[in-house]
Amino acid sequence: MPTPTEIRLNRAERRLEVAFDDGGRFELPAEYLRVESPSAEVQGHGPGEKVLVHGKREVAIIGIEPVGNYAVRLTFDDLHSTGIYSWETLHRLGRDYGTLWPAYLAALEEKGLSRDLRGRAAPKTIP
């Protein structure tokens with residue numbers, strides 16, 4: 001299994017940049033990592049239990065914590081932090097982005113859900 005040679009958080013672009021020793025280089029958007037989190041909260045506890053997470057277009061990664069020599073724990077600004085992203089998971093998410101992301105967008109459309117947060121109050125202006 002490939003292992004990362006570099007992991008860099010690009011806060012301005014809200015993405016995680018990961019380079020692997022097999023030559024793979026991936027730019028993984030925070031939203032994508034959040035909705036594909038390996039946590040039980042998102043993936044469920046068995047086959048067919050995956051939750052369709054929505055409203056995360058503007059989510060950002062606010063922390064990266066190493067987990068042994070095999071993974072990182074990402075903390076998002078919505079305070080989700082229970083997913084442990086193994087090297088295998090990060091590599092798979094990078095490799096399969098072209099398939100997983102369009103499938104996610106199609107699932108949102110099918111369910112009538114949005115990438116945007118709904119019900120958020122508009123900022124108040126001071127006269």
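This is a predicted model: local features need pLDDT of at least 70, side-chain atom pairs count only at pLDDT 80 or more; totals for chains, interfaces and linings use all residues.
Leaving aside residues up to four places away in sequence, Phe76 touches Ala30, Leu33, Arg34, Val59, Ala60, Ile61, Ile62 and Tyr85.

We turn next to the strands. Strand E4 (residues 61-67) runs antiparallel to E5, and six bridges join the two. Together E4 and E5 make a hairpin with three residues between them. Val67 stands opposite Ala71 of E5, while Gly68, in the turn, has a positive phi of about 55°.

Helix H4 deserves a paragraph of its own. Its 15 residues reach 21 Å from the first C-alpha to the last, close to the 21 Å expected at 1.5 Å a residue. Trp101, Tyr104 and Leu108 are the buried residues of H4. Viewed down the helix axis, the buried residues of H4 fall within an arc of 60°, so they line one face of the helix. The face turned away from this buried side carries Gly98, Thr99, Glu109 and Glu110, which are exposed. Helix H1 is included in what covers the buried residues of H4. Just after H4, Gly112 adopts a positive phi of about 70°.

With ring centres within 6.5 Å as the criterion, the model contains five aromatic pairs. In the pair of Tyr32 and Trp101, the ring centres lie 6.0 Å apart and the planes meet at 85°, so the arrangement is edge-to-face. Because Tyr32 belongs to helix H1 and Trp101 to helix H4, this pair ties together parts that are 69 residues apart in sequence. Both Tyr32 and Trp101 are buried. These two residues also belong to one aromatic cluster, formed by Tyr32, Tyr97, Trp101 and Tyr104. Of the cluster members, Trp101 and Tyr104 are also found among the buried residues of H4.

Definitions and conventions
Residues are numbered from 1 along each chain as its sequence is written. Side-chain values use heavy atoms; hydrogens and water are left out. Contact means heavy atoms within 4.5 Å. Helices (H or I, at least four residues) and strands (E, at least two) are DSSP runs, numbered from the N terminus. The expected span of a helix is 1.5 Å times one less than its number of residues. Buried means under 20% relative accessible area, exposed over 50%, partly exposed in between (1.4 Å probe, protein chains only). The arc is that of the directions from the helix axis to the C-beta atoms. Two strands pair if DSSP finds at least two bridges between them. Rings of Phe, Tyr and Trp (its six-membered ring) pair if their centres lie within 6.5 Å; planes under 30 degrees apart count as stacked, over 60 as edge-to-face and the rest as tilted.
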